[in-house]
Amino acid sequence: MEKSGILFHNVERIRETSAGPLLDRVPETVFAQLDEPATHTSSDASGVELRFVMNAPTVTLMLAVEKAAEAQVAYIRYGTFPGTWSASSRILTPQKATITIPRPVNLFRLQALARQQHLAFDPAVVRVCLPYCRNYFYGVSGDVAVPAPTQMPQRTYLAYGSSITHGSLALNPFATYPQLIADRFNADLLNFGFPGSAWLEPSVADYLVGRDDWQFASIEMGINMLGAFSPEAFRQRVRRFIAPFAQDSRPVVATDMVVTDYPEDPAKVAAFRRIVREETTGKLPYISGLDLLADMTALSSDLLHPTAQGMAQIAAHLGDFLASQVPA
């Protein structure tokens, strides 16, 4: 969406809430059909960026985030170039605050390099990459303009899945496996990871397939549904969720759970993996999550969420698989 001269990438609307103007990744019609857990996580930013071109030496944004135990950091990039020390990142808090962004003094040199190396973004495009919590936008001060389509990547990768897709515990938005894959393909990213709540709602599948702004996609299924769904109920959700993707002409690959320590019911984990494999056969290209990440030492201490190193392994293996499906 566009507002106040800013392109809100991976944002469909700004919801007025008691805590402030909240950025949300799904439109109201889809939000109304989400299962209850996802209504809390559709506004958990992942791959959400505020993008603009500066027509002034500095621009000031007024932002806040939800309260969190972790440090919530906004990272600043000029195209694909991270900002330097004074303009690389900003810590955000629940207190409404302003962050000031300078225009790089060597912009012309950065643009020359971007053209020479065929980089996906024009360095004139400022990208304020928001942390993966809830983010509130209060306004902008300074002369800004929405970037032109030619200043941004010409194709887009869409990723759907759980908190692993969302990037939880990768800690840095550029270290998530979807972002690493997008970078590999010189593509933009639409991240639809729903932490703790990727329940394969039909409305989400229909909405994602109905978007015309992506060229290839991946679907991660299973981990969030182990506690709340029987194998048969899970099978029905998988079958309905993948159906519109299987009818779409764009390349879409499916996967299930990476290695996980789920002592409650290992047999159910195996059953869920088998269901995804069976339901995608003949419909979507499938790769086992265990072929993406099988090393438990590449997980955080919860033995569920991959570390940055684990994310890199997933990106390498899933990227290789996507490369066999996606036209160069």
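1. How many aromatic pairs does the structure hold? In this predicted model, the structure holds 11 aromatic pairs. One of them joins Phe8 and Phe137 in an edge-to-face arrangement, with 4.9 Å from centre to centre and 85° between the planes. Since Phe8 belongs to strand E2 (residues 6-9) and Phe137 to strand E12 (residues 135-141), the pair ties together parts that are 129 residues apart in sequence. Phe8 and Phe137 are both buried.

2. A further edge-to-face pair is formed by Phe192 and Tyr207, for which the centres are 6.2 Å apart and the planes stand at 80° to each other. Here Phe192 comes from strand E15 and Tyr207 from helix H5 (residues 202-210), so this pair links parts that are 15 residues apart in sequence. Phe192 is buried, its relative accessible area being 1%, and Tyr207, with a relative accessible area of 14%, is buried as well.

3. Beyond the individual pairs, the model contains an aromatic cluster whose members are Tyr160, Phe194, Trp214, Phe241 and Phe245.

4. Asp256 deserves a paragraph of its own. The residue sits in the loop that runs between strand E17 (252-255) and helix H7 (266-280), and it is buried and yet without a salt bridge. Which side chain of opposite charge is nearest to Asp256? That side chain is Arg273, at a distance of 4.1 Å, whereas a salt bridge requires a side-chain nitrogen of Lys or Arg within 4 Å of a carboxyl oxygen of Asp or Glu.

5. Although Asp256 has no salt bridge, its side chain has polar partners. A polar contact of 2.5 Å joins it to the side chain of Tyr286, and a polar atom of the Asp256 side chain lies 2.7 Å from the backbone nitrogen of Gly289. With neighbours within four places in sequence left aside, the residues in contact with Asp256 include Glu220, Met221 and Val276, together with Ile287 and Ser288; Arg273, Tyr286 and Gly289 also belong to that list.

6. Just after H7, Gly282 adopts a positive phi of about 80°.

7. Asn186 has a phi near 55° and is placed in the loop between helix H4 (177-184) and strand E15 (188-193); because its relative accessibility is 40%, Asn186 counts as partly exposed. Leu303 likewise has a positive phi, of about 55°, and is located in the loop between helix H8 (289-292) and helix H9 (308-323). Is Leu303 buried or partly exposed? With a relative accessibility of 27%, Leu303 counts as partly exposed, since buried would call for a value under 20%.

Methods
Residues are numbered from 1 along each chain as its sequence is written. This is a predicted model: local features need pLDDT of at least 70, side-chain atom pairs count only at pLDDT 80 or more; totals for chains, interfaces and linings use all residues. Side-chain values use heavy atoms; hydrogens and water are left out. Helices (H or I, at least four residues) and strands (E, at least two) are DSSP runs, numbered from the N terminus. Buried means under 20% relative accessible area, exposed over 50%, partly exposed in between (1.4 Å probe, protein chains only). Lys and Arg count as positive and Asp and Glu as negative; His and the chain ends are not counted. A polar contact is a pair of N or O atoms within 3.5 Å; within protein, one must be able to donate a hydrogen and the other to accept it, and residues adjacent in sequence count only if both atoms are side-chain atoms. Contact means heavy atoms within 4.5 Å. Rings of Phe, Tyr and Trp (its six-membered ring) pair if their centres lie within 6.5 Å; planes under 30 degrees apart count as stacked, over 60 as edge-to-face and the rest as tilted.
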